[in-house]
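Colleague: Hi! I am new to reading structures. Could you walk me through a few features, step by step?

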Amino acid sequence: MDVAPKLLDMVWAILIFGAVIAVILGLAALYEKRGGRRAGWWFVGPSLVLLAIGLVYPALKTLWNSFRDAAGGSFVGIDNYTSIFTNSDELVVLRNTVLWTLVTPFVATAIGLLYAILVDRAKGEAVAKAVIFLPMAISLVGASIIWKFMYDFRDPAGGTTKHPIQQIGLINQVIVWLGGKPYNFLLNSPWNTFFLIVVMIWIQAGFAMTILSASIKAIPADIVEAARLDGVGGFQMFRFVTFPSIRPAVVVVLTTIAIACLKVFDIVRTMTGGNFDTNVIANEFYSQTFSAANQGLGAALAVVLFVLVIPIIVYNVRQLRASEGR
Amino acid sequence: MMAELTTPDVAIDGATVSEKPPVRTRGEIAKRGLSSPWASLVAVILAVVWTIPTAGLLVTSFRPSLDINKTGWWTVFTNPDFTLDNYKQVLDTSQTSSLTPYLINSIVITIPAVLLPILLACLAAYAFAWTKFKGKNVLFVAVFALQVVPIQVTLLPLLTLYVKLHLNGTFWAIWLSHTMFGLPLAIFLLHNFMREIPGELIEAARVDGAGHVTIFFRMMLPMLKPALAAFGIYQFLWVWNDLLVALTFAGPGTATAPMTKFLFDLTGSRGNAWYLLSAGAFVSMIIPVIVFLSLQRYFVRGLLAGSVKG
């Protein structure tokens, strides 16, 4: 195995890169010594060049390609966009993306908020939080493998009375224990999309919990104490004191999860490959661009993804501004 | 809170309905949310439900491969039978299903893909925060706005560009991609940290004749440690766990592909080889989990700041 050359490549890359930066800074220092007043350009220069090559140019190119045919040749107007919004397969893709984006944020945030409140100042809070948050640290591919195993389905028809088929997926085993029939979770539309969404909820609830917990702890103690002295307790405390105080954080969490869901790719690609009507925009983009060799449609899907993200972010920024009183 | 919800007579009227027995003091009612056994029970149930999926696969990774496909992992509690064979197999470099080359690739990809954007972004953030040049504000808003560009929009044109430059299939394609995608967030995050440093300090140094290069290295870098850690961990987890960039730019076979791509391919080609999938998944998870647990504090900060990236 060629471990050594790879590691050497890595060290070289870091050294070359460091040297380039050192030369640029050296030139900047020289420029300053000679009385140059705009040293800032030397500092931002390398980043701006990379951003122009890596983000701005490709984004414009993709926008351009979205009005061209499958091979990126002749101009086809808005045909690619028309097919996204009329083709029955593409409509399923849009439907699923909408489901992901609407269902996941609210469920994950609700669970995260509930848990944050339940464990707030409880014994072993740190451990309790780590348990929920840990899924954030692992890859979506790893999470998909974990859940594919949970959903594993063995057809009971393949067994005999002497050697019945044993379920190895926990969820189907629980169904069997309760007297039900094993169910193939990833096969039947539209429910299979919800079972994929469960994986995202499992991951994002920890994110919601962490952010909301931090913001609950930041509520000034005197507000809570004053409400308490007025006899406010339990659910009223949540409704009139806690929730209004953490509202900006809730908005950030909801929008962040919504954006992650709009772009969801790894879970769908790993668990179903987008088959059985579980396809979503990001996966359809990948399939069209790199498997089906339909550049035009792929580009249009990427642009649609981009356009869908914008209003969520604008809303997010506006809410932040409003809460900062600017 | 849950406890309050399950007893609506108290929840709706709160403390104002004092005729409801048992009569409690206000302080006791306020405290109840937590100390109630119902609240604890709900929290414990949630924690168990959240842990079981991972625990199930972890137990599976230590079971003999024949058992895994015959009986459920929960049967180990009555029939314990454990082995390290699955891990030996995924780490054995003589096997074609070996994970080890991909593990090396993951490391080789991640270190520069974290260092490069940090270094570049430090410089850019400094310029945006503390130097003057024409068009600075417009450029900064533009960089901020670039955070929202989904990377899907960039993939095909970038791939074409890499092919032209003969970078395709090399580590450079992956390093550069992660660097470029990480820059807007890194610049924005580091800029915000740098603005918090008092301007008088910079001014005083300028008056003493220090150039920007000196100020950057002598004053800024040492003060930036928490910010660097926050972004570093965020970018580390992002790169280590990435699948999309790897699928698009990694070369064939073991050349440059990271572990996520290997596991993804394995799920597609040998979806029932749970003895490989389970052990492989845990090998890929162990490093991010350690990093996450030891640097949790910084990670949360990075997460909050980086919420729109991707």
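Predicted model: local features only at pLDDT ≥ 70, side-chain atom pairs only at ≥ 80, totals over all residues.

Colleague: How do I read the packing of helix H1 of chain A and helix H7 of chain B?

Modeller: Two packed helices are described by the angle between their axes and by the distance between those axes. Here, H1(A), residues 3-33, and H7(B), residues 100-130, pack at an angle of about 5 degrees, with axes 10 Å apart. Angles under 35 degrees count as roughly parallel, and H1(A) and H7(B) are therefore roughly parallel to each other.

Colleague: Which residues of H1(A) and H7(B) make the contact?

Modeller: On H1(A), they include Leu7(A), Met10(A), Ile14(A) and Phe17(A). H7(B) contributes Ile104(B), Val108(B), Ile111(B) and Leu115(B), among others. By class, the contact has 18 nonpolar, 1 polar and 1 charged residues.

Colleague: And helix H15 of chain B: how many of its residues are buried?

Modeller: A residue is called buried when its relative accessible area is under 20%. In H15(B), residues 259-269, that applies to 8 of 11 residues, and the helix is mostly covered. Among the buried ones are Met259(B), Phe262(B), Leu263(B) and Leu266(B). Their cover includes H6 and H11 of chain A, together with H7, H13, H14 and H16 of chain B.

Colleague: How many disulfides does the structure hold?

Modeller: A disulfide is a covalent bond between the sulfur atoms of two cysteines. Over all chains, the structure holds 0 of them.

Colleague: Are Cys261(A) and Cys122(B) buried or exposed?

Modeller: Cys261(A) is buried, with a relative accessible area of 0%. Cys122(B) is buried too, at 2%.

Notes. Residues numbered from 1 in each chain as written. Chains lettered and ligands numbered in written order. Heavy atoms only, no water. Axes fitted to C-alpha atoms, helices over the stretch in contact; angles between N-to-C directions. Helix = DSSP H or I, 4+ residues; strand = E, 2+ residues; numbered from the N terminus. Parallel < 35°, antiparallel > 145°, perpendicular 65-115°, else oblique. Contact = heavy atoms within 4.5 Å. Nonpolar A, V, L, I, M, F, W, Y, C, P; charged D, E, K, R; others polar. Buried < 20%, exposed > 50% of the residue type's maximum accessible area, 1.4 Å probe, protein only. Disulfide = S-S within 2.5 Å.
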